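This briefing goes through one protein chain, topic by topic. Please look at the model before reading the points below.

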Amino acid sequence: MDILKRGRRIAIGMIASASLATSAHAGELVQCSHADVADISISLGIRTGFGAALGCIKAPFAVDMTPCAPANGFGMSAGTGTAPLVGITHQWQGYMNHMGPVMGFRMDESSYDFSGMFVGFGKLTRQWDFHLSRITGKGVATVPGKAPVTYDCTSVRQRL
């Protein structure tokens with residue numbers, strides 16, 4: 001009987017974690033706009049890399065990197081040229097030996113959070129952050145030295 005209960009708990013835990021991942025694997029697009037600034041596009045689960053579905057952001061502040069990472073993980077980009085994605089990790093220790101751009105992506109039931117960083121010589125420098133509330137549809141871009149910019153965001157359907 002004890003084994004049966006344990007099996008049910010494991011199955012319920014697998015269903016709960018699968019439901020969070022499903023929204024990203026299904027392929028979702030989000031468009032964020034602000035009257036005075038270029039739009040931001042977010043894709044969730046449309047691109048894959050290194051065996052994982054990726055959350056990606058296309059934004060005017062996300063430059064010199066491939067701004068993609070797995071859910072609740074980090075994507076590491078090459079430090080030269082077009083900066084292709086060269087690896088992913090789910091632990092911050094995994095990118096501290098990397099030299100170059102890193103993007104973090106955290107998601108939960110209420111928000112999507114993207115962070116652009118640069119790692120060089122064992123030092124981490126935060127370049128930008130984008131927080132999107134899944135409840136209000138408001139996104140806030142923060143770049144050090146600049147005023148935060150608030151965006152209106154909506155989930156969109158692909159037409160093509």
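Which residues of the largest nonpolar core touch the most other members? They are Ile40, Ile42, Ile57, Phe61, Phe114, Trp128 and Phe130, in a core of 23 residues. A nonpolar core here is a set of buried Ala, Val, Leu, Ile, Met, Phe, Trp, Tyr and Cys residues joined through side-chain atoms within 4.5 Å.

The model is predicted: local features need pLDDT of at least 70 and side-chain atom pairs count only at pLDDT 80 or more, while totals for chains, interfaces and linings use all residues. Residues are numbered from 1 along each chain as its sequence is written, and side-chain values use heavy atoms, with hydrogens and water left out.

**Overall make-up**
- The protein chain has 1 helix and 11 strands; helices (H or I, at least four residues) and strands (E, at least two) are DSSP runs, numbered from the N terminus.
- Starting at the N terminus, the order of elements is α-β-β-β-β-β-β-β-β-β-β-β.
- Of the 160 residues, 39% count as buried, meaning under 20% relative accessible area with a 1.4 Å probe, protein chains only.

- Another core, of 6 residues, lies apart from it, and Met76, Tyr95, Val102 and Val119 are among its members.
- Leaving aside neighbours within four places in sequence, Ile42 is in contact (heavy atoms within 4.5 Å) with residues including Glu28, Cys56, Phe114 and Leu132.

**The sheet**
- The 11 strands form an open sheet in the order S4-S3-S2-S1-S11-S10-S9-S8-S7-S5-S6, with antiparallel pairing; two strands pair if DSSP finds at least two bridges between them.
- Strand S4 (68–70) and strand S6 (85–89) are the edge strands, each pairing on one side only.
- On average, neighbouring strands of this sheet are turned by 25° against each other, direction ignored, with axes taken as lines fitted to C-alpha atoms.
- S7 and S8 run antiparallel and are joined by 8 bridges.
- Phe105 has Phe114, in S8, as its bridge partner.

**Glycine 100**
- Gly100 lies in strand S7.
- Why does Gly100 count as buried? Gly100 counts as buried because its relative accessibility is 1%.
- Beyond neighbours within four places in sequence, Gly100 is in contact with Ser77, Met117, Phe118 and Val119.
- Gly100 and Asp64 are 36 residues apart in sequence, and their C-alpha atoms are 9.5 Å apart in space.

How values were computed: Buried means under 20% relative accessible area, exposed over 50%, partly exposed in between (1.4 Å probe, protein chains only). Axes are lines fitted to C-alpha atoms, for helices over the stretch in contact, and angles run from 0 to 180 degrees between N-to-C directions.
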